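Me: Can you walk me through a few spots in this one? I'll ask as I go.

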Amino acid sequence: MPSKPSRFFRLALSLLMLLSVTPASAASLPARRQLPATETSPRQVIEIPAESFGLPLAQDETARQYTKGSVLLREGDSLQFSVTIPAEGEYTLAFDAAASPSARTAPEGQMRVDGDFPVSDLRRVLFPIFYRNSANTFPKDRYGNDALIRQERLTRWTKSPARDVTFSQPYPLRIPLEAGEHRFDFTLTEGTLYLGSIYLETFSPYPSYASYLDAQPAPVSSGFSLTLEAEFPTYKNDTSVRPASNRDLTVTPYDTYKLLLNTLGGESWNKSGSAVYYEFEVPADGMYAVTFRALQNTRSNFTVFRRITVNGETPFEELNAFPFPYSTDWLDVPLGGETSYLLHLHQGVNTLGIETTASPYLPAIETIQQALLDINTLALEIRKLTGNQRDPYKEWVISDYIPDIEDRLNAIARNLMDDKDTLLKITGSGASPEVLTYQMAIDNLLFLAADPDKIPVYMKRFSEGPGSAAQLLGSLLLQLQSQPLALDKIIVHSPEIIIQTPSAPFSRSLAEGFKRFIHSFQPDPYQSIGAGEGELEVWVNRPRQYVDLLQVMSDETFTPQTGIRVKFSIMPDEGKLVLANAAGIQPDVALGVSTNIPYELAIRNALYDLRSFDDFDSFIRIYSPGALLSYIINDSVYAIPETQDFWVTYYRRDILESLGIPVPHTWNEVIEILPELQRYGMNYNTPLSSGAGLKGYLLTAPYLFNHGAKLYSNDGFATGLQSEEAIAAVRFMAESFTIYGMPLTTSSFYESFRYGNLPIGISNFTDYIKLMTAAPEIDGLWTIDLYPATVLPDGRQLRYATGSAQASIMFKNTDQPQEAWQFLKWWMSTETQVDFQERLILNYGREYLWNSANLEAFSRLAIPEEHRAVILEQWKWLQEPVKLPGSYMQERELSNVWNRIVFDGVNPRIALDRSIIIINREITRKMEEFGYLENGRRVKEFKIPTIETVQEWMEHAR
C-alpha cells in the first residue's frame, strides 16, 4: 500500500507545508536591469527601486507620500527583476509598502527566487494594515461609562520585512543565495498594495546591548519623565488589541462606579505579530529608559514576550524578545530589569513599537511539530497493519512488523523531555499548565514504549482522542503561541528616575470595596426593563459589546435623523418573551431573536404584522427570498432576518491535492470519493453528524428540498412525507451513514478539520469564524465551495440549504408602530449594517465578523473575495422550512425516523408510515386549536408560502 497522509498526519503536514497557495496567474514581464550591491553599512544592501519594475508609477495621494516612486498592484498583478548577488550567504527581503486605503483585508503576496520558493514562507508574504483612533478621548455612553473609540484605517508607508506567517521566528526570513544572478518574481495574491523599493540585505543578527551602548555617542538624559497611557496607542496593526477596564486602585484613570477603559490588551493582545505603536516627543538627543506598568495574570506561571522597536528598528538583541513574567498584581517592569537599558532617542518625535512575539518558544513549537509528524507517521503504519481494529482481546505483535517501534517512541519522548527542560528555563516553574501538558504527552509515549505490542488497544493514548499524545501536543501549540499581556501605562524617563508605583493604602482599598459593594445592589442599567416617555424600547439578545455599539450608533445617527430616542437593553431570556408579553412588560422591538421564536409568538397573536406597512414589500429586496419563509403566516410576515447562516463545503486543499481527490460538487461525487478518504482513516462531514440530539429542520429539511419533496400537503393540513420524493430523501439521509459510512457523530468539525481527520465536509458560519481566526497552522490551506447538489432523475441539480440565524421582531402591543418600523428599517439598511459590521471588526477584531442577512451589506464584508462569492451564490439557494401549527411534530418525527433507520435497521417506508400518522394527528389537533378546523371540518384557509410567493411580493412592490 503506498504511503499517503493519514487522519492525524495532516496537522503535521500543514505545519510543514504551512500556508501553501496556488499562485495567481499573471503575464510575464521581461527581466529588468541587474542592480549591483551598494554598501551603506556593514551589511550589504541592494535596493531595487520601483522604476525598475517596468510598471507605470502611481500618481495618487498615497503614492505621493512616498518620495522614491511606487507602483500600485492589484490582486493577480506580478513583477519580475534580476539581481546580481556579490557573495554567497543568507539575505533578508524587505519592501517599502503601504496597503491601499480601500483594502478590506491585509495584502498578501508571494516571492519566487529562480522559479522556486527557497523558503516555504515566501509563499505568503504578509503586509500590515494600520489603524488609529478617530478621537483622542473615549466617548461616554448614556450611563456615563467609557465606550470604545471608533477605529479608522491609517494609510502609512513602512519598510516591511518578509517574515514567517505566524511571526514566531526571531528574525525576518533568511534566504540562502549563491553569488551570481538571480531572478525574483513577486505576485500579489490578495488585496491592493502600493509598492516602493524592494531591498535585499545580507543577514546579520542584532547587536548585543553592550555593543549597542558602545556605539551611542549621545549623552545620558536627566530630569525627564513622560507618562503615556497605554490605552491610547498612536496606531496599531491589529484591531483586536483593544482597551479594557480594570478596577485595580493603582491603575489610572480610576472611578469607583463608572467603567473606564484604562488599560490595553490582556486576552485581546495575545497573537504573535500584533503590535501597537506610540509616538512621543523628547526635548533633546540622548539616552532614555522605559518602564512599563504591566500585568500578565491570564496564563498561570507563564512568561510572555514582546519585541520592542524604536523608530522602526530593534535596537539590540535583548529587546528582540523581552520577558514579562506571570504576576497576580500589576508590576512596574523597567526595560532591562534592575539596571535599565538605555535607548537612544532623537530630539522631537520618536516611535516606540511593542509587538507580541512567541520566538523564545519556537524551539518547543518546532519540536512539537516534529513529534506530531513522527507520531502520525507511526500511527499510519500501525493502522495499515491493524485495519483500525480495536478488539482488546486480540493480541498483536507490532514489533515483528515495525522492529524499531520502541526506539522511535523513546526518541520522540526523549526529544520532548529535552525540550521540556528548555521550557522550564523560560517559565521558571514546573507548575505551569504548558509544562504539565508536556509531561502528560511524554508519559503517554513512555507508557506505550514499555510495551509497543499494546498500542493497537491504546491508540487513544497515542494518536486518537482528547487525551492522546497527539492531541495534547496539538493543543500545546496554540498555548505556546498565545502571549497575553495588559499594559496600564508606559513611562519614558531619564535613567536616574526610579519608577515605583505605590500600592493603595489598606484604608482606601477597604473604603472602595465597601462603596462598590453597596453600589452592586443598584440595578444594571444595561439590563433594566422599561423606557422613558416617548422612548422606543429595544431588547437585544446579544452580549454587551453589541448593545453598547448599537446604543452609540443610534444616538449618533438614528435619533438625530428622526428625533426618535431609543433605549437598548440586554434581553434577560428570549425563552421568556411569551411570558413578558403576557405580563405586559414586553419591549417595542426585539433584536437577535432565535429563528424558532417569531412563529411561536406570532401564532399566539403577540407580534405585529410587518407586511401591513406600505413599503414592506420593497424593503425586503435586500434579503434572500427563502430567508423569510419561516416568519410568514398566510400573507402576513412577523419578523425580518437580521443575521444569516450558511452551509457550504469546507475542504483542505493540501490534503485533497496530496491524495489526488477532486472537490465534489454533487452528492454522487461525494459518494465516489468516500472509499479513498476512508481508506486512509478520513471521512466526509455532514451537518447531521453534529451532536447526538434532535436532528432539527435546519439539518433534515435540505434533503427533502433537494429531492423535490414537499414538507406538507398543498393545503397545509397534512404532512407531505408520504410522497416518493420524500421517501427517497429520507432513505439517502440514512444511507449516508448506514451504507456509505459517513461519521455518525462529530464532536467538533473545526478540530477534526484542523487535524485532518475530516479534510472535507459541510459546516456553517460558526466554524468559518473559528477557521479564520483560530487555526493559523492551516491558514491558506483550506477554502470553501457550494453545498453539494442532488442530481434528480430529470437532470436538475438542486442545492438548497437552510440559513436562518437571528431575526428582528415588533410586538403587537407597541404604542409606537411607525417609530418601531422606522427603527427596523434603519437598523437593517445597507448603510447601517455596513457601518455596524465595520465597527465590530475595527473595535474587536475578526472574531466578531457580522453575517448580516442584508445581501448588499454582506457583499462588503471584509473576508476573502472567493469566500464571499461562494457564500452569496449559496444564498441564492437559501430555503427555510415553512412552519405551521403542529409542524414541530414533523421536525421531531423526521429525527426519530432517521434514528430508527440508522440505529434500529427499520425500513425507511415503514419508519415513515408510522411517523406520518403521528404527524397528521398533531397537525389536525393544532389546526383545531388555532381555528383552522372545527370538528374535523376546514373553516379557514391556510396558505403555504413559497419562494415564488416572496419573489412576487418583491417584484410587484411600489
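Me: Ser887, buried or exposed?
Reply: Ser887 is buried, because its relative accessible area is 7%. Buried means under 20% relative accessible area, exposed over 50%, and partly exposed in between, with a 1.4 Å probe and protein chains only. This is a predicted model, where local features need pLDDT of at least 70, side-chain atom pairs count only at pLDDT 80 or more, and totals for chains, interfaces and linings use all residues. Residues are numbered from 1 along each chain as its sequence is written, and side-chain values use heavy atoms, leaving out hydrogens and water.

Me: Which helix is Ser887 in?
Reply: Helix α25, residues 887-904. Helices (H or I, at least four residues) and strands (E, at least two) are DSSP runs, numbered from the N terminus.

Me: And what is Ser887 in contact with?
Reply: Tyr697 and Tyr712, leaving aside neighbours within four places in sequence. Contact means heavy atoms within 4.5 Å.

Me: Switching to Thr155. Where is Thr155?
Reply: Thr155 sits in the loop between β9 (151-154) and β10 (158-161). Thr155 is partly exposed, given its relative accessible area of 22%.

Me: What does Thr155 touch?
Reply: Thr62, Gln65, Ala99 and Pro101, not counting residues up to four places away in sequence. Pro101 is 54 residues from Thr155 in sequence, with the C-alpha atoms 5.9 Å apart.

Me: Now the sheet with β4. What is the strand order?
Reply: β4-β12-β6-β7, an open sheet of 4 strands with antiparallel pairing. Its edge strands, each pairing on one side only, are β4 (78-85) and β7 (125-126). Two strands pair if DSSP finds at least two bridges between them.

Me: How many bridges between β6 and β7?
Reply: 2, with β6 covering residues 108-113. Glu108 has Leu126 in β7 as its bridge partner.
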